Amino acid sequence: MPVRLGELLLKENMVTPQQLQDALNHQKTNGGKLGKAFVSLGFVKDEEITSLLSRQYGVPSINLDHFEVDPAIIKIIPAETARKYQVLPLSRSGATLTIAMADPTNVFAMDDIKFMTGYNVEPVVASETTLEESIDHYYGSTRSLELRRDSGMGLPSGGDSLKDMMEGPGLTVDDMAGIGGLSEIDLDSMSDAEADVETVKQEEDEIDLGELSKSADAAPVIKLTNVLLVDSLKRGASDIHIEPYEKEFRVRFRIDGILYNVMALPMKLKDPLTSRVKIMAKLDIAEKRLPQDGRIKIKMRVENRTRDLDFRVSCLPTLWGEKIVMRLLDKSKLMLDMTKLGFEPHSLERFKNAISKPYGIVLVTGPTGSGKTNTLYSAIAALNKPETNIMTAEDPVEFNLAGVNQVQVRENIGLNFAAVLRSFLRQDPNIILVGEIRDYETAEIAVKAALTGHLVLSTLHTNDAPSTVSRMVNMGIEPFLVGTAVNLIQAQRLIRRVCKNCKIEDDVPSKTLIDVGFAPEEASEVKVYKGKGCGACNGTGYKGRIGLYEVMEITEGIRDLVMVGATAVEIKRKALEEGMLTLRQSGLEKIKAGTTTIEEVLRETIL
């Protein structure tokens, strides 16, 4: 292959004769294949070589970074053979085995694999670099239960091993016996050969509650559950995802809005761990066919300090078992100071003016996890005075606020937002918070409350502030009622902050800044920063999050447009004339201030 690859690259004018000679010299000195020498010297890219070989030999190419291989397929070819020939089995269809190779002309490798496995072999081309990484990934992993540190999708380095954490700080649960300190545990006993044995259960199978409870109370399962809760707090995670698949049982943490792989657990722990979490959340462990929601309240000792924590638990039946998502509700992270949320001064002034009015509706919009609840709680904290009666209807109640009357919505017994709102109007309220306006009935009562002397705070799921008007009209609320009742609409997103400990200036071309949205005169002056990665940010370059805010005040000009049924585009144009900052413009302000990166703003906003 060396001479052939060099000839091909020369023929395609991808390298010069001198570069070919340099690559051959580099190969003699450092060993390895010629393709790797070309890539190391920067003459060509991995993908270019892969594409060339694919065209030359009429063999498909594949990007292994975007391909997940079934562990059962990996076992077809032994590790020694895979490393010897630099091949990776990808899939099997009948008597044909598809393998990834860097050199599709290596007939000796294909013959050897065909003889060894008994399958016909079909090659596809993959780059040498991704092939080596994939072979290490699939054949180099250990069977012990450890925190995985994947360079790409996995959790960044800096965490302790699972064993270290199981021997770490204690954790106690008020209402659960047996959740004592974390003592040493034999990890091998949790991931020995039994982990490969799966029991296929049909939905109609009889459920032995005694066995489920017994397995859930086993010491390793209790300790593993404790580790998940402790580690999520230590890493600053907002959510824990426990996900069962056909041949994989994984745990992921959401940290600063991004999901990271944390653990690959033995399949035999699927039912015990799920049952353990459901018992702690006071859910029905026998019900595996319907979604369930619960809550875990714990006292946790970390660094000689006791903290009260809430985990909101959602259990959802999937094809291969129940997926559990636990959201950490840490009151110490609740930011009630509006000046620290990330508002631009002009936007904050508009928001404060709107919530200080005696009546009307203030709407906060954005997707799940965009900080809407935090913004509303901040508003309530600013309005919470002894002479004010504040009533909230939430699903669920995330944080307990002193002096605020909070009601948990329960759809299963008919206590929905509309029913709670009707009751509120008989409770002499000054300020009403509705967790979410989901339907016409709730929207209608919220509008009536706003028109009869109450301040109503609520949320909606829309992309930006102007389109919220159209959303309410589509729900069935008359445009003149929307225009009369609504004081302000605010859209928001959360983006990651640049880590302060490893913040460095980033060299970004002016054209890139102009494409993002900066004016040409600004682009030449703006200094852009990024994080190079350190221990404090787990090598990500980001630490913490900040909000982007699009605050649209319903002025007389905008109200006139709303009442005549103007489109979201027309409303947006008028709002921009009156000084509204869009989400993208709010992001540009954060870039100018050195708070975040261009990549983060592009991830959450559009021009």
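**Exercise 1.** In this predicted model, find what share of the contacts with a separation of 6 or more in the protein chain comes from residues 24 or more positions apart.

*Solution.* Take the contacts in the protein chain with a separation of 6 or more; residues 24 or more positions apart account for 64% of them. The chain in question has 24 helices and 19 strands.

**Exercise 2.** Decide whether His-241 is buried or exposed, and name the side chain with which its own side chain makes a polar contact.

*Solution.* Step 1: locate the residue. His-241 is in strand 5, which covers residues 237–244.
Step 1: apply the cut-off. Buried means under 20% relative accessible area. His-241 has a relative accessible area of 9%, so His-241 is buried. Of the 607 residues of the chain, 47% count as buried.
Step 2: look at the surroundings. Leaving out residues up to four places away in sequence, His-241 touches several residues, among them Arg-250, Leu-259 and Lys-323. With the side chain of Lys-323, the side chain of His-241 makes a polar contact at 3.2 Å.

**Exercise 3.** Which strands stand at the edges of the seven-strand open sheet, and why is one side of each left without a neighbour?

*Solution.* Step 1: write the order, 13-12-14-15-11-16-19, with mixed pairing.
Step 1: read the ends. Strand 13 (405–408) and strand 19 (542–553) each have a single partner strand, so one side of each has no neighbour in the sheet.
Step 2: check one pair inside the order. Strand 14 (residues 431–434) and strand 15 (residues 455–460) pair in the parallel sense over four bridges. In strand 15, Leu-457 is the bridge partner of Leu-433.

Definitions and conventions: Residues are numbered from 1 along each chain as its sequence is written. This is a predicted model: local features need pLDDT of at least 70, side-chain atom pairs count only at pLDDT 80 or more; totals for chains, interfaces and linings use all residues. Side-chain values use heavy atoms; hydrogens and water are left out. Helices (H or I, at least four residues) and strands (E, at least two) are DSSP runs, numbered from the N terminus. Buried means under 20% relative accessible area, exposed over 50%, partly exposed in between (1.4 Å probe, protein chains only). A polar contact is a pair of N or O atoms within 3.5 Å; within protein, one must be able to donate a hydrogen and the other to accept it, and residues adjacent in sequence count only if both atoms are side-chain atoms. Contact means heavy atoms within 4.5 Å. Two strands pair if DSSP finds at least two bridges between them.
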